[in-house]
Amino acid sequence: MMNSLNLAINNISKLGDTDIFPFLIENMVLFDNPSAIEAILKDIEANFDNWLSKYPVCTIQSCIPVGYTSYRWATQIDPIWNAFLLYKVLKIAEKIEQERVPIEKKSVFSYRYKSNEESGYLFDKDINWRGFYSTALEEAESIDRLFVVRFDISDFYNRIYHHRLENAIMRIGADPEVKNQIMRILQDVSNNDSYGLPVGGNAARILAELLLNSMDQLMISKRFRFFRYVDDYIIFSFSKEDAYHKLKWCVEYMLRNWGLTLQKSKAQIQTKNEFISHAKANLEGEDNIENKDRDEFMRIHIHYDPYSLSSDEDYVRLKDKLNGFDIINLIKDEIKKSKIHIALGKQLMSSIAFLSGEKLNLAVETICSNLDVLYPVLPTILQVLYKKVDDLYDDTKNMLLKY
């Protein structure tokens, strides 16, 4: 098995501890002196109770926007305890993945464990949200008569009950000590409440997939044709009656087994044509499905690993791809709408990290002047601006500081 300790340290030091909060400066210690961090984590493992007693788990918790009017509670964990939690979860990650619905079924598209100790990557980058929707869309277009159930779980991460998660960990045959240490940390993070996973980190993502797997497996056994990305579900049916039956079964299962409910505003039963329009809008933009530039821009995987062996070539290659698009005009087009397309908005904000000079400053000025419209992607904006602030002109910096 891969060295879970080195993998945890590499993942956090190279890729960050959350996708919500800015990169903590303390995390640089994991990159600068990994051997010292490794020694500390081993000492925590050997003297867990003493460490937890002397150094309780500290967190930063905050409400972050989801859309324009919804919020969720996000958590950033103390760097050392976060690294230890990820280390413990990675010790059982392969067992979790082995128990999940096989990738070949093309049903579950979220956080498929495929780690690389050198790069720090934990998940298969080719299996993602876009594959979730595009696979469902492709199959829907090939079926004559179809009704589609769509829903997601209300406040999923924050409402996961610890004892149900603990039972799921036990069922995969995890080492009891590993299980106990994971649950003790989660209890500290949740302020001794018996529920909740810290939103934003990879340890929570892996554990959430373990819990969701029980329903996935039952749906497979019942011959449901479904697609899932985290807590978002798409289920196919061939009649409206069957669609309601499947929706009712899902509601009852989640309530009885997890104590969770659906987001009422998002639960829908759609015809084939309604779903196809919805899926295309999600993938390509709501106002202009035929916009080829936007569609091509959304297909770019904007991620750069500065620590890879080909980092310079990767950066130039990605920057050249992005230079083929008028990013500033795409941002302005989104701002003109009453509500931005959130997936496109995140993609656009991420692309700013590859701008320079006049283009970078113009993009930042445009963003600062329209934060009310761009509010749903504010965490992405803050992360990018944190990285690029030193590259801005003085006037742009002053404008940024005012906001």
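Keep in mind that the model is predicted.

**Salt bridges between parts of the chain**

- Start with glutamate 45 and lysine 91, whose side chains meet in a salt bridge with an N to O distance of 3.5 Å.
- Glutamate 45 belongs to helix 3 (residues 34–46) and lysine 91 to helix 5 (residues 79–99), so this pair ties together parts that are 46 residues apart in sequence.
- Lysine 91 counts as partly exposed, because its relative accessibility is 31%, and the cut-offs are under 20% for buried and over 50% for exposed.
- Next, look for arginine 184 and aspartate 49, which form a salt bridge with their closest N and O atoms 3.1 Å apart.
- Here arginine 184 sits in helix 8 (residues 176–189) and aspartate 49 in helix 4 (residues 48–54), so the pair ties together parts that are 135 residues apart in sequence.
- Arginine 184 has a relative accessibility of 35%, so it counts as partly exposed.
- A further salt bridge joins the side chains of glutamate 139 and arginine 225, at 2.5 Å from N to O.
- This pair links distant parts of the chain, with glutamate 139 in helix 6 (residues 129–141) and arginine 225 in strand 4 (residues 225–229), 86 residues apart.
- Glutamate 139 is partly exposed at 22% relative accessibility, and arginine 225 is partly exposed with a relative accessible area of 22%.

**A salt-bridge network**

- Salt bridges can also join up into a network, as they do for Glu97, Arg100, Arg112, Glu209, Asp216 and Arg228.

**Helix 5 with helix 9**

- Helix 5 packs against helix 9 (residues 202–221) at an angle of about 25°, and their axes are 9 Å apart.
- That angle makes helix 5 roughly parallel to helix 9, because angles under 35 degrees count as roughly parallel.
- The crossing of helix 5 past helix 9 is left-handed.
- On the helix 5 side, the contact is made by Leu85, Leu86, Val89, Leu90, Ala93, Ile96 and Glu99.
- On the helix 9 side, the contact is made by Asn202, Ala203, Ile206, Leu207, Leu210, Asn213 and Gln217.
- Sorted by class, the contact of helix 5 with helix 9 has 10 nonpolar, three polar and one charged residues.

**Helix 14 with helix 15**

- The axes of helix 14 (residues 327–336) and helix 15 (residues 342–351) come within 10 Å and cross at roughly 145°.
- Helix 14 and helix 15 also have a left-handed crossing.
- To see where they meet, find Ile327, Leu330, Ile331 and Glu334 in helix 14, which face Leu344, Leu348, Met349 and Ser351 in helix 15 as contact partners.
- By class, this contact of helix 14 with helix 15 has six nonpolar, one polar and one charged residues.

**Residues with a positive phi**

- Lysine 106 is not a glycine, yet it has a positive phi of about 55°.
- You will find lysine 106 in the loop between helix 5 and helix 6.
- Asparagine 191 also has a positive phi, near 55°, and is a residue other than glycine.
- Asparagine 191 is placed in the loop between helix 8 and helix 9.
- With 54% relative accessibility, asparagine 191 counts as exposed.

**Two residues and their surroundings**

- Glutamine 187 is part of helix 8, and it counts as partly exposed at 35% relative accessibility.
- Glutamine 187 and histidine 162 are 25 residues apart in sequence, and their C-alpha atoms are 8.0 Å apart in space.
- Leaving out residues up to four places away in sequence, glutamine 187 touches His162, Asn192 and Asp193.
- Asparagine 27 lies in the loop between helix 1 (4–15) and helix 2 (28–32).
- The relative accessibility of asparagine 27 is 0%, so it counts as buried.
- Asparagine 27 and aspartate 78 are 51 residues apart along the chain, and 9.5 Å separates their C-alpha atoms.
- Again leaving out residues up to four places away in sequence, asparagine 27 touches Ile12, Ser13, Asp17 and Pro79.

Terms used: Residues are numbered from 1 along each chain as its sequence is written. This is a predicted model: local features need pLDDT of at least 70, side-chain atom pairs count only at pLDDT 80 or more; totals for chains, interfaces and linings use all residues. Side-chain values use heavy atoms; hydrogens and water are left out. A salt bridge is a side-chain nitrogen of Lys or Arg within 4 Å of a carboxyl oxygen of Asp or Glu. Helices (H or I, at least four residues) and strands (E, at least two) are DSSP runs, numbered from the N terminus. Buried means under 20% relative accessible area, exposed over 50%, partly exposed in between (1.4 Å probe, protein chains only). Axes are lines fitted to C-alpha atoms, for helices over the stretch in contact, and angles run from 0 to 180 degrees between N-to-C directions. Angles under 35 degrees count as roughly parallel, over 145 as roughly antiparallel, 65 to 115 as roughly perpendicular and the rest as oblique. A crossing is left-handed if the near helix is turned anticlockwise from the far one by less than a right angle, and right-handed if clockwise. Contact means heavy atoms within 4.5 Å. Ala, Val, Leu, Ile, Met, Phe, Trp, Tyr, Cys and Pro count as nonpolar, Asp, Glu, Lys and Arg as charged, and the others, Gly among them, as polar.
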